[in-house]
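Thanks for coming. I will go through one structure today, element by element, and keep to what can be computed from the atoms.

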Amino acid sequence: MNNLSQPPVSGTELNQVLVHTPIYSLMAGVLTYSHTCQLPAGTLVRVPLGTRDVLGVVWNDKPAPSDGKALDQTKLRPITAVLDALPALSPHWRALVSFAASYYQRSVGEVALAALPPQLRDLSSIQLTRRLKKLAKAASHLDTDKKPPAEPAHSSNDTEKQALVNPPDAIYNVALTAEQSGAISQFNQYSGPFLLFGATGSGKTEVFMQCTAQLLASAPDAQVLVMVPEINLTPQLEDRFKSRFAGLHGEDAVVSMHSGMTPAQRLNSWLAAHSGAARIVLGTRMAVFASMPQLQLIIVDEEHDPSYKSHEGARYSARDLAIYRGHREGIKVMLGSATPSLESWYHSRPATEGGRYLRLNMPSRIGSGQLPLVRRVDMNHQPKRCIIAPPLLTAIAQRIERGEQSMLFLNRRGYAPVLECTDCGWKSTCPNCSAFRVFHKIDRTLRCHHCGFSERVPRACPECGNMDISTIGRGTERLEEHLTELLVDIRRPDGQAVRVVRIDADTTKLKGALESQLAQVHAGDVDVLVGTQMIAKGHDFRRITLVAAINPDNALFSSDFRAPERLFSLLMQAAGRAGRDAAVANKSEMWLQTQHPTHPLYESLKNHDYPAFAASQLNERQQAGMPPMSFQALVRADARTQEVAQEFLNLASQAAAQQDELSALLPHLTLYPAVPMTIARIANVERAQMLIESPSRAALQRFLAHWQDTLQHTRSRPECKGVLRWAIDVDPLSI
Ligand code: ADP
Ligand code: ZN
Ligand code: ZN
C-alpha cells in the first residue's frame, strides 16, 4: 500500500486521523490528512502535528461531512507513514475508546493514544513486520509441536517446600469441589456478567482457570483477558496462569501488561495480543484497553480493589469498562471477590429485584477450611498509650515459640506520623501541604508523603527552641522497633532470637526488594511481619497463624462514605492471609485492637459475614441516596489560592442555571457547594472540589458533557485568574 523508502506523494484522498490533542472536545482530536488512498478505519499511522511526528489512528472510513467551510486542500499535510504491517484496530476497540472518552469526559485522542504502546511511534512498518513474524512463528511452532498434557502429579508425599516450588496448579484436571462445579456450570449456562463471590481460599482462581481453559478450547484463536489489581502484589496469580497455560498453549501464549514493564516489553505484549499470538493477557487496569481481536472472556480478579480506578488522565474504572466491553463484544465477563464492591454486590441482587449480574456463591474454604477466629481487643481496658495490648503480645510470643508466623499491619509507614513540641504545641507540618510530615528514624528526616519534601529532624523546636520534641502516634517503623524490644527475651524453637521484618513502601523501593522480603517470609526466616496494608493483600502466606490490625478504627468515622467498605474488605483479606496451610488452619486467629469492639462492622467481620455487612451498608446508602443508588461526579480545581479554586467551581455551577440545556437537567441533579479537598494544599497548590449527584446516570452524563464548555468559559473570567487546572472524576472512589 505504502512504501516507506519513498516519501508518500501527497495524495488527494482525505483521511480522518485521531491524534492526541489535549482539548476537551469530542471531535478535537480528529484531524484531516491527505494520502494517496482512503485508508480503512483503525489503521495505525504516523502524521505530522506541529513540528512533531505523532502516532495516530485513522478514525472514520469516510471523511467527515464538511461543516460548511471548504477545506483548503493545499494546506493539508500528508500522512507520514502507514503502519500497514499491523492489522487495523477493530470497530469494537474504537467503540470502547470512544465510550470511555465520553463517559469519563476526556478527549478520544487522549484515551486512544494512552491505550497504545508509545514505542509504536518509533518503529517502521518493516521493523513491525519483523516482530510480528517472530510472534507468529512462535505461535505456529507450537501447533505442530503440541506437548501432551502433563501427567497429574500427586502431592501427597511432597514436602512442603516442593509444594511451594511446584504449586498444585500443575494438576489441571483437579477434582473440583461441588461449589466450584456449580459455579462453572452456571457460567456455562448463562451469559453473565457474573460475580463470583467466594471466600478467600474457596478456589476462585481455579474457577477462573477452568473457565479460561474452556473458552480457549472453544476456538483455536480465542483469547482471554485476566485483570488483576496490582501485578506486583499478585505474582502468584500470574505464576499460576503461566504454569497452567504455558504447557498447553506455549510459553508465549500468556503475556503480561502493566505499568512496571519497559516500553519494549509493553510493545511486545501489545503486539502479541493485537496479532492474536497471545491467548491470555494478564494485566492491571490498563489492560482493559488491550487490542484483542478474538477476545472471548474477561476476568476481573479482586474486582473491589480501588486500583482498578485510574487517578490521573481519564479517571476510568477498568472494572466498569470491562463490563461495558463484554456487553459491547457479546462476550462473558466474570468479576471475582471475597468482599465485592457494594456496586457489584448491588448489581448482583436477584434478577427479580432488578439485578443485572449473576452471583455465583462459593462460601466454603477448600481443605480443612476454617476461617480464622476473629478476636477483638478492647483498647479501653488496656494500659494507657500501649501500642500492642499485652494479650496480643502473649499470643505473638506463643506463636514464635511454636515456630509459627504472625503478621501485624498498620496503615501508616514511617516511625511516627508527627513530631510535636511538648511545650508550645508546634507540629511537624509540611510547608507546602496541609498535611503533617512524618518522622523517618532511619535517616532522621521529616518527610511529607504528599509532596516528598524532606528535611533533617530539627534538634529543637523551630518555634520555641524547646529541646523536648517527641513523636505522637506511630508508624510501621516505630512498631517494628517497639516489637523487637518487647520480644527480646523470646526464642524461636531453634533457640535463636526473634526475627521481625517490615514491608512497606519505604522498604520496597528498590527493584526486587519486595520479592526478596516475601521470599524470606515464605522460607520461614521471619517470625513477625510488620507492614502497611500492602502486606494484607493477595499474598499467600502459608505459615501465618496470627494476623493483627493494630489500629483499624480510623476508617469507622471517616468523612468518606466508602471508608468502612474499604476497611471491611481489607480486614477480610488480611484475615484470609492466616491459616492458608491446612496444618495450621484451625488455630489461626485475626486480632483487632479497637476502642469500639461492638461496632457492627467488627461484628460482621467476626462472623465472616460479608452479606450482613453489605446489607447494612446498602441500607445506609439507600437512605442517604448515595451510590450505588445514585451516581456521582467530582469536579476538582487546582489554583493558587483556595478562594479562587472554590470561586471557579461555584461560578461554573451558577452558570449552569443560565443555559437551557443545562438548566433543564438541574431538577435531576444536586450540585453541592465547592469545598476544600481533604488535603487542601499539596506542593503549594490549593485544591477544591465540587460534588454532583444524581439518581439518573443518564442525566449526570448529559449534564457533564454540556458543562465542559461552561467550565472552559468560566475559567477565562477575570475572577478565575489563578486557576491552574480542573478535571472531572466520574464515579469517584474517594470523596
Ligand atoms: P481463592 O482464589 O478463592 O483465594 P484459590 O483458587 O487460591 O482460592 O484456592 C485455594 C487453594 O486451594 C489453592 O492452593 C488451590 O490450588 C487449591 N484448590 C483450588 N481448587 C481445588 C480443588 N478443587 N481441590 C483441591 N485443591 C484446590
Ligand atoms: Zn515549641
Ligand atoms: Zn508536602
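I start at Asp 731, which counts as buried because its relative accessibility is 18%. Buried here means under 20% relative accessible area, exposed means over 50%, and partly exposed lies in between, with a 1.4 Å probe and protein chains only. Asp 731 sits in the segment after strand E28 (723-730). Its phi is positive, about 55°, although it is not a glycine. As background, most residues other than glycine have a negative phi, and most peptide bonds are trans.

Before going on, the conventions. This is a predicted model, in which local features need pLDDT of at least 70 and side-chain atom pairs count only at pLDDT 80 or more, while totals for chains, interfaces and linings use all residues. Residues are numbered from 1 along each chain as its sequence is written, chains are lettered from A and ligands numbered from 1 in the order in which they are written, and side-chain values use heavy atoms, with hydrogens and water left out. Helices (H or I, at least four residues) and strands (E, at least two) are DSSP runs, numbered from the N terminus.

Ala 683 also has a positive phi without being a glycine, near 50°. This residue is in the loop between strand E26 (675-682) and strand E27 (685-694). Is Ala 683 buried or partly exposed? It counts as partly exposed, because its relative accessibility is 42%.

Next, the cis peptide bonds. One runs from Gly 192 to Pro 193, with omega near -5°. Pro 193 belongs to the loop between helix H5 (178-189) and strand E6 (194-198). Another cis bond joins Pro 627 and Pro 628, with omega about 5°. Pro 628 is found in the loop between helix H16 (610-624) and strand E24 (631-639).

Now the ligand. How many residues surround ligand 1? There are 19, and the closest are Ala 175, Gln 180, Gly 201, Thr 205 and Arg 240. A residue is counted as near if one of its heavy atoms lies within 4 Å. By class, this shell holds 6 nonpolar, 7 polar and 6 charged residues. For the classes, Ala, Val, Leu, Ile, Met, Phe, Trp, Tyr, Cys and Pro are nonpolar, Asp, Glu, Lys and Arg are charged, and the others, Gly among them, are polar. Helix H6 (residues 204-218) contributes the most to the shell, with 3 residues.

For individual atom pairs, a polar backbone atom of Ala 175 is 2.8 Å from a nitrogen atom of ligand 1. Gln 180 places a polar side-chain atom 2.8 Å from a nitrogen atom of the ligand. With Thr 205, a polar side-chain atom lies 2.7 Å from an oxygen atom of ligand 1. The protein covers 79% of the 550 Å² of accessible area that ligand 1 has on its own. Those areas come from the Shrake-Rupley method with a 1.4 Å probe.

On to the strands. Two strands pair if DSSP finds at least two bridges between them. Strand E23 (residues 589-594) has 6 of its 6 residues buried, so this strand is largely enclosed by the rest of the structure. In a regular strand the side chains alternate between the two faces of the sheet. In E23, Glu 589, Trp 591 and Gln 593 point one way, and Met 590, Leu 592 and Thr 594 the other way.

Strand E7 (residues 223-227) runs parallel to E9, joined by 4 bridges, and Val 226 has Leu 282 as its bridge partner. Strand E8 (residues 254-257) is also parallel to E9 with 4 bridges, and there Met 257 is partnered by Gly 283.

Finally, an open sheet of 3 strands has the order E16-E17-E18, with antiparallel pairing. Its edge strands are E16 (438-440) and E18 (454-456), each pairing on one side only.

Notes: A polar contact is a pair of N or O atoms within 3.5 Å; within protein, one must be able to donate a hydrogen and the other to accept it, and residues adjacent in sequence count only if both atoms are side-chain atoms.
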